[in-house]
Amino acid sequence: MTRTELLAGQLTALGLEVEPQAQERLLQFLDELLRWNRRINLTAITDPEEGIEKHLVDSLTLLPLLQERERLLDLGSGGGFPGIPCLLARPGLQVTTVDAVQKKIHFQRHVARLLGTRGLQPLHCRAEDLPRVLGEDGRFDLVVSRAFTSLGGFLALGLPCLAQGGRLVAMKGAEGRQELDHAQPEIASLGLVCSELRELELPLSRARRTLLVFERA
Ligand code: SAM
């Protein structure tokens, strides 16, 4: 099976619609990530087939939660996940990615230039400093993170950047429900509620994932 078929098959299995041209760009992005990864450490995943599932498809499980033209903030984005795959699949989005490590942001800027991607703003800063860095313009419809920090930590850092009516989405693994239970006191003290919990399985590895969606109470 080719890599193109592998990606297309997994997206179909999850009911995710992505234009063939966007799928090609997603694979180009992954190629560039793995190429750079030989020189600078961006990801622990080095196998291209695993990268398709664990980086591209996993990031794209966010798509059903996204509206066209939304402003999305990805905290602790690393090599650009999940923000860049979402932007490649839905080019109308405006995506700001944030990471504390300069070389990761450098890579993301390189990829945006290489693929001619509009709508991406990679920021080198700590999530704690974002309200000061972005000021009043720094409000987003959707604030997301994957493999970033504890659930309560992410919500506390993301909340000041949330627009009125916006949502926070934590991408978690199989233990998402337990993390939610554990963080309930922090969630309540931030004035948030979990409005949706989506559980799914990645098609190839059957790895379990949990998407936790939060809104202001
Ligand atoms: N989200 C990416 C993914 O799923 O592949 C990267 C996950 S990686 C485990 C966590 C990332 O968060 C790292 O790139 C790290 O530099 C970044 N990070 C950790 N603490 C941070 C902070 N306070 N502000 C911004 N980025 C941070």
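Colleague: Great. Is this predicted or experimental, and what pLDDT does the chain average?
Modeller: This is a predicted model. The chain averages a pLDDT of 96, and 100% of the residues score at least 70. The model also scores ipTM 0.99 and pTM 0.97.

Colleague: How many helices and strands are there in the chain?
Modeller: The chain has nine helices and seven strands. Its radius of gyration is 16 Å, close to the 17 Å from the globule rule for 217 residues, so the chain is as compact as a globular protein of that length.

Colleague: And what box do the C-alpha atoms fill?
Modeller: Roughly 50 × 35 × 30 Å, taken along the principal axes.

Colleague: What percentage of the residues is buried?
Modeller: Buried residues are 39% of the 217 in the chain. As for contacts with a separation of 6 or more, 62% of them are between residues 24 or more positions apart.

Colleague: Now the start of the chain. At what angle do helix 1 and helix 2 pack?
Modeller: At about 115°, and their axes are 10 Å apart. Helix 1 covers residues 3-13 and helix 2 covers residues 20-37. The crossing is right-handed.

Colleague: Which residues meet there, helix 1 against helix 2?
Modeller: From helix 1 you have R3, T4, L7 and A8, and from helix 2 Q23, L26 and L27. Four of the residues in this contact are nonpolar, two are polar and one is charged.

Colleague: Switching topic: where is the cis peptide bond?
Modeller: Between F81 and P82, with omega at about 10°. P82 sits in the loop between strand 1 (71-75) and helix 4 (83-89). Most peptide bonds are trans.

Colleague: What about R69, what is its phi?
Modeller: R69 has a positive phi of about 70°, although it is not a glycine. You'll find R69 in the loop between helix 3 (48-60) and strand 1.

Colleague: Is R69 buried or exposed?
Modeller: R69 is exposed, because 11 other C-beta atoms lie within 10 Å and the cut-off for exposed is 12 or fewer.

Colleague: And R206, where does that lie?
Modeller: In the loop between strand 6 (192-201) and strand 7 (208-216). R206 has a positive phi too, about 65°, and it counts as exposed, with 7 C-beta neighbours inside 10 Å.

Colleague: Last one: which residues is A163 in contact with?
Modeller: Leaving aside neighbours within four places in sequence, A163 contacts R139, F140 and D141. A163 lies in strand 5 (residues 162-172) and is partly exposed, with 15 other C-beta atoms within 10 Å.

Technical notes: Residues are numbered from 1 along each chain as its sequence is written. This is a predicted model: local features need pLDDT of at least 70, side-chain atom pairs count only at pLDDT 80 or more; totals for chains, interfaces and linings use all residues. Helices (H or I, at least four residues) and strands (E, at least two) are DSSP runs, numbered from the N terminus. The radius of gyration is taken over C-alpha atoms; the globule rule is 2.2 Å times the number of residues to the power 0.38. A residue is buried if 20 or more other C-beta atoms lie within 10 Å of its own, exposed if 12 or fewer, and partly exposed in between; C-beta atoms are placed from the backbone. Two residues are in contact if their C-beta atoms, placed from the backbone, lie within 7 Å. pLDDT is the predictor's confidence in each residue, from 0 to 100. Axes are lines fitted to C-alpha atoms, for helices over the stretch in contact, and angles run from 0 to 180 degrees between N-to-C directions. A crossing is left-handed if the near helix is turned anticlockwise from the far one by less than a right angle, and right-handed if clockwise. Ala, Val, Leu, Ile, Met, Phe, Trp, Tyr, Cys and Pro count as nonpolar, Asp, Glu, Lys and Arg as charged, and the others, Gly among them, as polar.
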